Amino acid sequence: MNDRFLRACRREPVDATPVWFMRQAGRYMPEYQAIRASRSLLQICREPELAIEVTLQPVRRIAVDAAILFSDLLLPLEPMGLTFDFVKGEGPAFDNPVRSAADVERVRPIDPADAMAHVLETIRGLKEVLTVPLIGFVGAPFTLASYAVEGGPSKSFALTKAMMYTEPEAWHTLCARLADMAGAYLRAQIEAGVDAVQVFDSWVGHLDARDYREFALPHTRRLFAHLDGLSTPSIHFGVGTSMLLPDMREAGGDVIGADWRIPLDRAWDLIGHDRGIQGNLDPTLLLGPTGRLRAGVEDVLARAAQRPGHIFNLGHGVLPMTSLSAVQRVAEWVHTMSARPADA
Ligand code: CP3
């Protein structure tokens, strides 16, 4: 078993910097497109045989040091009573968005062993064949709540923030329910065999630090409290969070993810060197010329300075128009450029 990734999560020395990519499975891969041609995203997520295959596709083709479970952030919302579908070209669309205290009351708790049995079966199947660690994941309460309230993707998060400010009690009830669901679901994923977990708070960068501390941090902390006493490493990631990194650290996570807007060394100073860091190459660099891409990889590695605890990743997910060869090249460069000298 390749353990570079888990060693870096624990801030132990490594032979080379580990690398994996958020959204490493998916539309930019021809073999994903082939499966997707005859099935919906939700069908792939719900059928363990297909979810296993799609999780393995990037591991076969790219020199990644970890696999990420193929699933979606939004799946556990459905058994909670928040039904949705993915609409082509638009993203998720919820049937009955949460807009009031009464709406919050219809958000039910779930037993992940039962409601998410298909995902747990996917994890058990993957653990039989993988030679790299498997990362499980959930959405953080703010990001999950924002989908439930907006009913779909949003640019301003106006409905979400309006509910936070005008119905704070309903907001806090909703987020506490989501935190307990996410905490129990992560524990179930760990029991099924995942080696590390990532909490995606993708859209929390829309809050300023004061609102983050009032409306998001207590719930993310509540989620992480479900992992107390477990040794499984955790990663805590958000986009546009340069100003929130110290607060995110306080909420929890052995490793904090940074997006590309902040130089990695500056981000690590803000997080503190007693935590690991994941990131943070701009995903759009993979769409540009090779020289510029290579310089970007070099810059991230130089800023990490081979300090234990760096996991190389993009600052957000692989974009659908990315070529597989660019992703392959980045993984290879990370390993060769960061190889530590062998012991004399
Ligand atoms: O390779 C991996 O990273 C594992 C699989 C994975 C998916 N979604 C599959 C997926 C993971 C980790 C996610 C998490 C997720 N889902 C996030 C957090 C990550 C991030 O990008 O910040 C979010 C915000 C979602 C919600 C979501 N899922 C949206 C808004 C959309 C539609 C927009 C889009 O990108 O198409 C999805 C669809 C989705 N989830 C796809 C994949 C591969 C697109 C697939 C398709 O249509 O075939």
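**Reading a cavity, a ligand site and the backbone**

Mentor: Ala8, Glu12, Val14, Thr17, Pro18, Arg307, Pro308, Gly309, His310 and Arg340 line the largest cavity. Please bear in mind throughout that this model is predicted.

Trainee: How many cavities of 30 Å³ or more does a search of the whole structure find?

Mentor: The search returns 1 cavity of 30 Å³ or more. The volume of the largest cavity is about 30 Å³, and its lining consists of 4 nonpolar, 3 polar and 3 charged residues.

Trainee: Turning to the ligand, which residues are the closest to it?

Mentor: The ligand is surrounded by 23 residues, and the closest are Tyr32, Arg36, Asp72, Ser202 and His316. By class, the shell around the ligand holds 14 nonpolar, 5 polar and 4 charged residues. Helix 2 (30-36) and strand 3 (91-94) each contribute at least two residues to this shell.

Trainee: How does one check the length of a helix, and what span should helix 10 have?

Mentor: An α-helix has 3.6 residues a turn, so residues three or four places apart point the same way. Helix 10 (residues 168-192) has 25 residues and, at 1.5 Å a residue, should span 36 Å; the C-alpha atoms at its ends are 36 Å apart, which agrees. Just after helix 10, Gly193 has a positive phi of about 130°.

Trainee: Where does Arg23, with its positive phi, lie?

Mentor: Most residues other than glycine have a negative phi, and most peptide bonds are trans. Arg23 is not a glycine, yet its phi is positive, at about 60°. Arg23 belongs to the loop between helix 1 (4-9) and helix 2.

Trainee: Is the peptide bond from Gly279 to Asn280 cis or trans?

Mentor: The bond from Gly279 to Asn280 is cis, and its omega is near -10°. Asn280 is part of strand 8 (residues 276-281).

Terms used: Residues numbered from 1 in each chain as written. Predicted model: local features only at pLDDT ≥ 70, side-chain atom pairs only at ≥ 80, totals over all residues. Heavy atoms only, no water. Near = heavy atom within 4 Å. Helix = DSSP H or I, 4+ residues; strand = E, 2+ residues; numbered from the N terminus. Nonpolar A, V, L, I, M, F, W, Y, C, P; charged D, E, K, R; others polar. 1 Å grid on protein atoms, 1.4 Å probe; cavity = no way out; pocket = protein on both sides within 12 Å on 5 of 7 lines; lining within 4 Å. Points joined across faces, edges and corners; volume = space filled by probe spheres on them. Expected span 1.5 Å × (residues − 1).
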